[in-house]
Structure formats: structure tokens, C-alpha cells
Amino acid sequence: MLPRQLKVLMAGPSPYANGGVASVARNYLEQGLADRCDLRYITTMKEGSKIYKLFLALASYAEFSRIVQKYDLVHLHVSKGASITRKRLLAQCAQRKGVPYIIHLHSGQFDQVFESADESGKRILRDFFRGAAAVIALSEEWKNYLVSQLCPPEQVVVLHNAVQVPERVSFKQNHTVLFLGRLDSNKSPDVLIRAVALIANKFSDLKFLFAGDGDIETYQSLARDLNVEKYCEFLGWVSDPEPLFKHSDIFCLPSKAEGMPMALLEAMAHGLAPVVTPVGGIPSFIKDGVNGYLVPVGDSKVLAKTLASLISNSSLRAKVGSSARATIRDYFSMDTHLDKLVSLYQKVSDQSSCFSKQGKAVS
């Protein structure tokens, strides 16, 4: 007889919403997690008005409460702000029904959230995390932070994000740099635009693509003020970035904080040479000068120099891009990731069954 598939109830943003968390959820649904377990996904957030978001949150809570007891475990995708509140309420519901929950922490700014909270807020967050059967961190760096502030070490599991790796890629020669992410102060598109201004007169065919939602007009205005608007194309949110990866040579994300950015992993899988900052989990897999370049946060001059060296040297771009692609193929494939995730599910389920039996024996 085949072993029974675990029943997993997963909750998070719409898999087709904007952002990295949605990309993770979409990959799970499209790349075979449902073939490895009996998976149901509850959408807790979609883009829309505040009233719509509140209605969806209430509806998702009602659905979750109605069905959670039928499942072996709960997998909660957690970011920051309202995401924490929504998932904490779901976790409390799961606890009342005796169903273990896993927190999958995605936010690259969770340390700021925790440290800016008052003592009551910190206590609430600690209770939320310590009540979990397991906490998934995106890197060793994030595990170390969680252990130092919220969780015992045995509770935290490092599980890097993962992406599909295209079978073939071609290395381009068109001097196109791609920024893919929300245009806001954390992702720092302004730092990249200032770097453009420092190198634009050195090359005749530069193109910088800014793909993402956010405060687009502010950054368009900055490009105009610095007289580099002809080099910068602002695309808004792009639901399918595949054509952008195929068209670009270099990927640049000069963020102030990150977890494990999906856009970076996807760009590397497509053979783009990455230029990024050493924040979050990025230094754990980018080796400076080998499979990418690490530049200081907020330093447009160093960023400009690094980009210029790549733009002017096609063989270097191809070499770094090839190494970046190999890194994803060897360490960040979806098959390996899903194997580890399902193993974690089984461990949590086994522990829950053991505790349940012990509780019955004592009673």
C-alpha cells in the first residue's frame, strides 16, 4: 500500500499578485508540490482597496477556520505589516484546533519590524514564532537573527528560495541592465539611476530597464533631472519577466535589505551577470567577482564602476553569467527545494502525532 500523502493547508498572498512571496507560492503550485502532498492553498491577500483586502482577509479566515482541522499541518507565508497580523490569527486558529503550523518568513526587513516594536509587540511576535512547529528562514544569516531574538535554534530550518532553470540560454551583447523589483527606498533604484549618470557618456547603446510597481514617477523625475531619461525605461509591473531576462545582459538590485530575492535567483538562472548588495541571504551564495559582484549599499560610484567594467567586457559578462547560472542549477533547483520542504512536512507531522499520542497516554 502506498503511504498516505500528507494534507497541507498553505496560506499566503495570491500566487499571481506582485512580489517575491507570490512568486514562491506560484512556483509551489506550478512546479509539483501538489504531486508530493495533498495541498490546498488559501489566498489571504490580493491587490485592491482597503475594503476589498479586509473582506478577503475575513473570508479567508472563515474558510481556514472551517477546514483546518482536516489537515495534518499548516504552512504560513509571512512577510511584514498586515501579513504578520493575518497569519498570526490563522496560527491561533490552528493551535485551537490542534493543528501544527510552520512559519515561512520572507521579509528582508523583519529585523526592523521586530526592533521597532514595543515590548508588548515583541512579546506577541515571540509567542507567534515560538508557537510554530518550525520556522523556515531563507538563509543562515536570517536563522542567526531569529535564534538571537525569537526562537530556539532547533526550531529554525534554513530553506533557500528556488527557481526553475531554463534548459538553454544565450549570452547577449546588447548592453542592457535589468532592475526587477518594487521601486521604493528599500530596493534603491535611485542609487542605480545615479550610477547611470556617471557612466552614460562612456557607452552609446546603454539601456536600463526598471520593471516593477511602486513610486515610478519619482524615479522617472530623478532620471530627467540627471539627464539620463533616454537610457532608462520604466516598465511598471511586469507579470511575465521572461522576455526581460532573455533581452538583458546584467541584473542589478542595489537593495538596503533583502531575504532571498526571487528576482535575483531567476536572473541568475537565465545567465545574467548580477550586481547586488551584500544584504540578507545574498552573501551566502554570491561570491564577489566569480558569480556576481557585491557593491556597498548606497554607493553609486562603486556601482557605476562595477557596471562599467561588465558593460565594456563581453567575455567577463558571459563568464560571470555562466557561473551564476551554474550556482542556481547546483544549489537552488526546485526539485531539491521541494524534497527538503516535504521532508520538513513529514518531520512536523511525525512530531505532532507523537505529541498527540503522549497526550492521550497521560490523560
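Asn 227 is placed in the loop between α8 (216–225) and β9 (232–236); helices (H or I, at least four residues) and strands (E, at least two) are DSSP runs numbered from the N terminus. The model is predicted, so local features require pLDDT of at least 70 and side-chain atom pairs pLDDT 80 or more, whereas totals for chains, interfaces and linings use all residues. Residues are numbered from 1 along each chain as its sequence is written, and side-chain values use heavy atoms, with hydrogens and water left out.

- Asn 227 has a phi near 60 degrees, a positive value in a residue other than glycine.
- With a relative accessible area of 61%, Asn 227 is exposed (buried is under 20%, exposed over 50% and partly exposed in between, with a 1.4 Å probe and protein chains only).
- Ser 188, in the loop between β7 (176–180) and α7 (189–199), also has a positive phi near 60 degrees without being glycine.
- Ser 188 is buried, its relative accessible area being 1%.
- Most residues other than glycine have a negative phi.

**Aromatic pairs and cluster**

- Seven aromatic pairs are found in the whole structure (rings of Phe, Tyr and Trp, the last by its six-membered ring, with centres within 6.5 Å; planes under 30 degrees apart are stacked, over 60 edge-to-face, and the rest tilted).
- One of them joins Tyr 101 and Phe 128, whose ring centres are 6.1 Å apart and whose planes meet at 20 degrees, so the pair is stacked.
- Because Tyr 101 belongs to strand β4 (residues 101–105) and Phe 128 to helix α5 (residues 119–130), this pair ties together parts that are 27 residues apart in sequence.
- Tyr 101 is buried at 2% relative accessibility, and Phe 128 is buried at 3%.
- Phe 128 also pairs with Phe 129: the ring centres lie 5.4 Å apart with planes at 75 degrees, so this pair is edge-to-face.
- Phe 129 is buried, as is Phe 128.
- Together with Phe 110, the residues Tyr 101, Phe 128 and Phe 129 form one aromatic cluster.

**Charges over rings**

- The charged end of Lys 7 sits over the ring of Tyr 71, 4.8 Å from the ring centre (NZ of Lys or CZ of Arg within 6 Å of the centre and within 35 degrees of the ring normal).
- Lys 122 places its charged end over the ring of Phe 114, at 5.6 Å from the centre.

**Cysteines**

- The whole structure contains zero disulfides (cysteine sulfur pairs within 2.5 Å).
- The sulfur of Cys 37 has its closest cysteine sulfur in Cys 93, and because the two are 20 Å apart they are too far for a bond.
- For Cys 252 the closest cysteine sulfur is that of Cys 232, at 11 Å, which is too far for a bond.

**Second largest pocket**

- This pocket holds about 160 Å³ of space (on a 1 Å grid over the protein atoms alone, a pocket is an open set with protein on both sides within 12 Å along at least five of seven lines, a cavity is a set of points where a 1.4 Å probe fits but cannot get out, and lining residues have an atom within 4 Å of a point; points are joined across faces, edges and corners, and a volume is the space filled by probe spheres set on them).
- Its lining includes Thr 44, Ala 57, Tyr 61, Arg 86 and Leu 90.
- At least two lining residues come from each of α2 (50–67) and α3 (82–96), and α3 gives the largest share, with five residues.
- The lining divides into six nonpolar, three polar and one charged residue (Ala, Val, Leu, Ile, Met, Phe, Trp, Tyr, Cys and Pro are nonpolar, Asp, Glu, Lys and Arg charged, and the others, Gly among them, polar).

**Cavities**

- Two cavities of 30 Å³ or more are counted.
- About 80 Å³ lies in the largest cavity, whose lining includes Phe 171, Lys 172, Asp 249, Leu 272 and Arg 317.
- Helix α12 (residues 314–331) supplies the largest share of that lining, three residues.
- The lining of the largest cavity has four nonpolar, four polar and three charged residues.
- The second largest cavity holds about 40 Å³ and is lined by Val 24, Asn 27, Tyr 28, Asn 161, Ala 162, Met 262, Met 334 and His 337.
- Two or more residues of this lining come from each of α1 (20–30) and α13 (334–362), with α1 giving the largest share, three residues.
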